[in-house]
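Dear colleague,

I am writing to hand over a structure that I have been reading through. Please find the sequence and the model below; my notes on them follow.

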Amino acid sequence: MTSVAEQVAVEAAELVAAERAKMLAGQAVSVDTKSSETDVVTAVDRQTERFVRTRLAELRPGEPVLGEEEGAGGAAEPGQVTWVIDPIDGTVNFLYGYPWFAVSLAAQVDGVSVGGAVVEPVSGRRWTATRGEGAWLDGRRLAVSSPERLELTMVGTGFAYDATRRTRQAAVAAALLGRVRDIRRGGAASLDLCAVAAGWLDAYAEHGLARWDWAAGALIAAEAGAVVRLPGEDPELGHDCTLAAAPSIAAPLRAALIEAGMGGV
């Protein structure tokens, strides 16, 4: 399943890269909004998701698909594989020409990711993982970092599209900033989780992620050795918080986030 995820994600990333080239050359891209004026979806998102659905129907016929733009394509039977697609994770980055976005594709069984791939259309980097078999970047095995203490920790995060919630998230970030090395905000959850896997970030925490945001990236982080908490697993951090952290600082970071008000975001 991981090989299928990688194959299809690579093909989809090539489609996104071609559309990006047209956009940068001056071709207009159709843009709509979803939950707010800042929550955008492009025609390329929809085109890419349709492409992925078509390829999965060819390679894995009969298996349900859950996608960001078209929702669920049927309920899975117990033990059956469901494919989870984010056709462009980081659509705002894509729209601005900022090269931090990716195609994310994961296979889940009973809600648990068992194989996945995150592919970057601009760089071509391929992040992959299989449950119980490790995580990889372009054939190189990944391992998380091991900061000695919280003060030396680089933390990634993200912010909601809703302005009121974003303000609360900013307050948490401000409270945390004096206790860690620094904070980064990349704008693509799947890649932030992959960055934890590679040791480019020591940790990542964000509220409000949907299943397609974390399905592949959280598996990659976990298989690289990160402590991972998915939405609903740690109520003290908030009902919809996703956390991935190097084991050496996972506990003190969790405590610091709770103290900073993460649970009330």
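I begin with a hairpin. Strand 8 (residues 126-130) and strand 9 (residues 134-137) run antiparallel and are joined by 4 bridges. Before going on, please note that this is a predicted model, in which local features need pLDDT of at least 70 and side-chain atom pairs count only at pLDDT 80 or more, whereas totals for chains, interfaces and linings use all residues. Residues are numbered from 1 along each chain as its sequence is written, and side-chain values use heavy atoms, with hydrogens and water left out.

Helices (H or I, at least four residues) and strands (E, at least two) are DSSP runs, numbered from the N terminus. Two strands are said to pair if DSSP finds at least two bridges between them. Strands of a sheet pair through backbone hydrogen bonds, either parallel or antiparallel.

The hairpin of strand 7 and strand 8 has 6 residues between the strands, and G124 takes a positive phi near 80°.

These strands belong to an open sheet of 8 strands with mixed pairing, in the order 4-3-5-6-7-8-9-10. Strand 4 (71-72) and strand 10 (140-141) stand at its edges with a single partner strand each, so one side of each has no neighbour in the sheet. Elsewhere in this sheet, strand 3 (residues 65-67) and strand 5 (residues 81-89) pair in the parallel sense over 3 bridges. L66 has V84 in strand 5 as its bridge partner.

Contact means heavy atoms within 4.5 Å. Leaving aside neighbours within four places in sequence, the residues in contact with S104 include V84, A117, S190 and W212.

Helix 2

Helix 2 (residues 43-59) lies across strand 3, strand 4, strand 5 and strand 6, and runs at about 155° to strand 5. For such angles, axes are lines fitted to C-alpha atoms, for helices over the stretch in contact, and the angles run from 0 to 180 degrees between N-to-C directions.

T42 caps the N-terminal end of helix 2, where a side-chain oxygen lies 3.2 Å from the backbone nitrogen of V44. Among the buried residues of helix 2 are V44, T48, V52 and R55. R55 has a relative accessible area of 16% and so counts as buried. Beyond its neighbours within four places in sequence, R55 is in contact with Q7, V8 and E11.

An open sheet of 5 strands has the order 12-11-13-15-14, with mixed pairing. Its edge strands are strand 12 and strand 14 (227-229), each of which pairs on one side only. Strand 11 and strand 13 run parallel and are joined by 3 bridges, with V155 opposite A203 in strand 13.

Helix 4 lies across strand 11, strand 12 and strand 13, at about 150° to strand 12. R165, Q169, V172, A173 and L176 are buried in helix 4. They cover an arc of only 100° around the axis, which puts them on the same side of helix 4; the arc is that of the directions from the helix axis to the C-beta atoms. These buried residues pack against strand 11 (154-157), strand 12 (182-185), strand 13 (203-207) and helix 8 (247-260). The face turned away from the buried side of helix 4 carries the exposed residues T164, T167 and A174.

Yours sincerely

Conventions. Buried < 20%, exposed > 50% of the residue type's maximum accessible area, 1.4 Å probe, protein only. Polar contact = N/O pair within 3.5 Å; in protein donor to acceptor, adjacent residues only side chain to side chain.
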